[in-house]
Amino acid sequence: MIIPVAHRAGQTQEYYFSVKLAEVRKLLAAGHDVINMGIGNPDMMPSDNTIQTLFQSAQQASAHGYQPYKGTPGLRTAIARYYDHTYQVSLDPETEILPLMGSKEGITHLSLTFLNEGDEVLVPELGYPAYRAVSKMIGATVNEYPLLETQGWQPDWEAMEGLVSDRTKIIWLNYPHMPTGAPATRKLFEKAVRFAHDHRILLCHDNPYSLILNKKPPISLLAIDGAREVAIELNSLSKSHNMAGWRVGWMAAAKPYVDAVLSIKSNVDSGMFKPVMDAAAEALTNSDRWHRERNAVYEGRLEAAMAFLDALDCTYADDQEGMFFWAKLPESVPSADALVDDLLYNKHIFIAPGFIFGPKGNRYIRLSLCMPKERILEAVQRISK
Ligand SMILES: Cc1ncc(COP(=O)(O)O)c(C=O)c1O
């Protein structure tokens with residue numbers, strides 16, 4: 001006998017990477033040296049001070065109990081200082097910041113907090129799959145808004161007007177954009193804030209990539225006039241501080257939004273481990289030089305990634321930001337699926353097909369730069385053979 005699952009579990013498919021990485025593990029177990037450029041899992045270390053702080057904090061007897069639901073004051077203060085230094089945005093650490101176990105859980109908490117069944121959510125037609133998946137789990141209707149490839153994957157605001165109804169509650173935005181690498185611009189954020197005001201929609205901006213391979217100073221959506229009335233920003237240490245497995249992120253927003261999310265979240269988990277929060281606070285003080293050095297490594301990898309894409313005859317935009325690189329397949333390749341499997345099983349190279357971010361990605365691939373440059377160059381060699 002099998003007890004049936006809830007409708008929402010039946011609706012949601014297992015995450016692509018969860019399935020595909022099992023195939024990668026099988027190849028590895030069979031002794032194949034797979035070069036994994038699929039998932040965005042930083043391979044570099046957090047700063048030394050971060051690790052030291054984790055260790056020192058874990059030695060304190062007081063570190064092992066439950067912690068405040070809204071994180072330690074030390075972590076919230078560190079986030080506020082970081083926002084001030086990085087984005088010139090001033091946040092009240094007491095009321096405008098809510099630490100999260102990664103921004104992914106924030107997507108769920110925001111959705112649980114603001115969506116009723118039958119509400120509508122606008123998500124980019126290419127984007128992080130969790131926006132869609134979580135909205136559907138909650139029984140909301142997902143409307144995908146077009147991105148204009150010819151205009152650097154910016155939202156098609158005109159088309160978006162036609163997608164809004166009086167049930168539209170949330171619009172998801174993410175710039176620098178994953179997977180296309182489209183940069184964030186002040187103009188785009190201003191447009192988004194105006195749109196959210198005009199239509200009384202909550203604008204949820206997901207901002208984990210602003211410090212990676214950014215060509216200009218990073219921007220927060222909360223720097224835009226009028227944003228605090230209608231917007232929430234998610235951010236994370238996963239990519240910018242090489243701490244993906246630590247599960248540290250946060251939401252930044254006006255007090256009523258933070259309070260509302262906390263009322264849901266405090267019924268779901270019981271806070272984070274204090275040494276993780278102490279070390280995260282330390283990580284947030286990493287120097288500008290630390291960030292520059294990390295980006296210099298990514299620059300080198302990017303060059304190798306371009307050589308890889310050139311060898312596959314792919315085309316790509318060269319102004320991409322973030323930790324991934326997005327490229328279009330040549331006509332000669334039948335589909336992204338075919339190419340991914342060909343590379344995985346014949347060359348032992350794993351890359352992500354564009355369609356996992358939405359059907360518009362059918363003829364695209366995404367490379368992660370979380371792999372030493374030498375390994376990417378080895379991948380170039382393998383495909384050149
Ligand atoms: C656009 C985007 N948002 C959110 C996340 C989740 O990040 P976190 O590790 O903070 O949960 C990712 C992870 O890949 C992402 O690409």
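**Close-up views of a predicted model**

**Figure 1. Residues surrounding the ligand.** In this predicted model, the ligand is surrounded by 14 residues, and the closest of them are Asp-206, Tyr-209, Ser-236, Ser-238 and Lys-239. The side chain of Asp-206 places an N or O atom 2.5 Å from a nitrogen atom of the ligand. Ser-236 has a polar side-chain atom 2.7 Å from an oxygen atom of the ligand. For Arg-247, a polar side-chain atom likewise lies 2.7 Å from an oxygen atom of the ligand. The ligand taken alone exposes 400 Å², of which the protein buries 92%.

**Figure 2. The second largest pocket and the residues nearest its centre.** The second largest pocket holds about 530 Å³ of space. Its lining is made up of 25 residues, and those nearest the centre of the pocket are Tyr-15, Gly-40, Tyr-128, Tyr-209 and Lys-239. Tyr-209 and Lys-239 are also listed among the residues closest to the ligand.

Figure 3. Two helices, α5 (103-114) and α6 (129-137), each supply at least two residues of the lining. The greatest contribution to the lining comes from α5, with three residues. Both domain 1 (7-45 + 288-384) and domain 2 (65-283) take part, each giving at least three residues to the lining of the second largest pocket.

Figure 4. Most peptide bonds are trans. The bond from Tyr-175 to Pro-176, by contrast, is cis, with omega near 0 degrees. Pro-176 is placed in the loop that runs between β7 (168-173) and α8 (186-199). A cis peptide bond also links Met-178 to Pro-179, here with omega near 15 degrees. Pro-179 likewise belongs to the loop between β7 and α8.

Figure 5. Most residues other than glycine have a negative phi. Trp-153, although not a glycine, has a positive phi of about 60 degrees. This residue, Trp-153, is located in the loop between β5 (147-148) and β6 (154-155).

Technical notes: Residues numbered from 1 in each chain as written. Predicted model: local features only at pLDDT ≥ 70, side-chain atom pairs only at ≥ 80, totals over all residues. Heavy atoms only, no water. 1 Å grid on protein atoms, 1.4 Å probe; cavity = no way out; pocket = protein on both sides within 12 Å on 5 of 7 lines; lining within 4 Å. Points joined across faces, edges and corners; volume = space filled by probe spheres on them. Helix = DSSP H or I, 4+ residues; strand = E, 2+ residues; numbered from the N terminus. Domains from an automatic or database assignment. Near = heavy atom within 4 Å. Polar contact = N/O pair within 3.5 Å; in protein donor to acceptor, adjacent residues only side chain to side chain. Areas by Shrake-Rupley, 256 points an atom, 1.4 Å probe, with all protein chains shown as cover.
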